[in-house]
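Hi everyone, thanks for making time this morning. Let me put the sequence and the structure up on the screen, and then we can walk through them together.

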Amino acid sequence: GQDCINYHLTSCPQLQPNPYTNVFEGSKSALLLRGETMESVFNIIQGKDYRITLCSELFPNEINLKIYDAEDGSILLYDNTQNDTAQIFEFQVFNSRRVRAYISVPKIPEKKKNTGLLVEKTPRGCVGFLLETMVTRK
């Protein structure tokens with residue numbers, strides 16, 4: 001199997017030179033199939049800028065990201081499918097809050113090649129969610 005533990009650190013593009021620092025609480029990677037989701041819960045702090053980078057070799061430019069308020073799960077704060085499935089999202093925080101991010105690989109309605117006895121295996125790929133922060137420049 002593939003080792004995805006530090007995939008977000010080794011494979012997600014970072015700025016050079018990079019003004020941001022990694023947020024260990026939020027950054028993570030997982031081995032996902034189409035239709036699967038990983039979650040990350042973290043705090044975003046007032047007066048800071050954040051940069052989220054999504055990356056996957058197997059599913060390039062198609063990782064979905066939804067961010068909800070962690071206290072009230074009905075409040076959707078960001079959805080990258082409304083933003084051209086952007087794989088990089090930079091934002092400022094005006095009110096500190098705890099959020100829950102759902103990082104998923106979209107299901108593609110695919111016809112499985114079924115030869116009667118054998119079904120084509122669905123590939124799994126590493127998906128990285130890199131959360132970085134810096135103090136907002138005045």
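I'll start with the overall fold and then turn to the disulfides. Please keep in mind that this is a predicted model.

The C-alpha trace spans about 65 × 35 × 25 Å along its principal axes. Of the 138 residues, 41% are buried. If we take contacts between residues at least 6 apart in sequence, 79% of them join residues at least 24 apart.

Now, the cysteines. How many disulfides does the structure hold? The structure holds two disulfides. C4 pairs with C126, with the sulfur atoms 1.9 Å apart. This pair links distant parts of the chain, 122 residues apart: C4 sits in the segment before α1, and C126 is in strand β9. Both ends are buried, C4 at 7% relative accessibility and C126 at 4%.

The other bond joins C12 to C55, at 2.1 Å from S to S. Here the loop between α1 and β1, which holds C12, is linked to strand β4, which holds C55, 43 residues apart. C12 is buried with a relative accessible area of 5%, and C55 is buried at 8%.

Which handedness does the C12 and C55 link have? The torsion about its S-S bond is about -80°, so this disulfide is left-handed. The link of C4 and C126 is left-handed too, with -80° about the S-S bond. In sequence order, the bonded cysteines pair 1-4, 2-3.

Methods: Residues are numbered from 1 along each chain as its sequence is written. This is a predicted model: local features need pLDDT of at least 70, side-chain atom pairs count only at pLDDT 80 or more; totals for chains, interfaces and linings use all residues. Side-chain values use heavy atoms; hydrogens and water are left out. Buried means under 20% relative accessible area, exposed over 50%, partly exposed in between (1.4 Å probe, protein chains only). Contact means heavy atoms within 4.5 Å. A disulfide is a pair of cysteine sulfur atoms within 2.5 Å. Helices (H or I, at least four residues) and strands (E, at least two) are DSSP runs, numbered from the N terminus.
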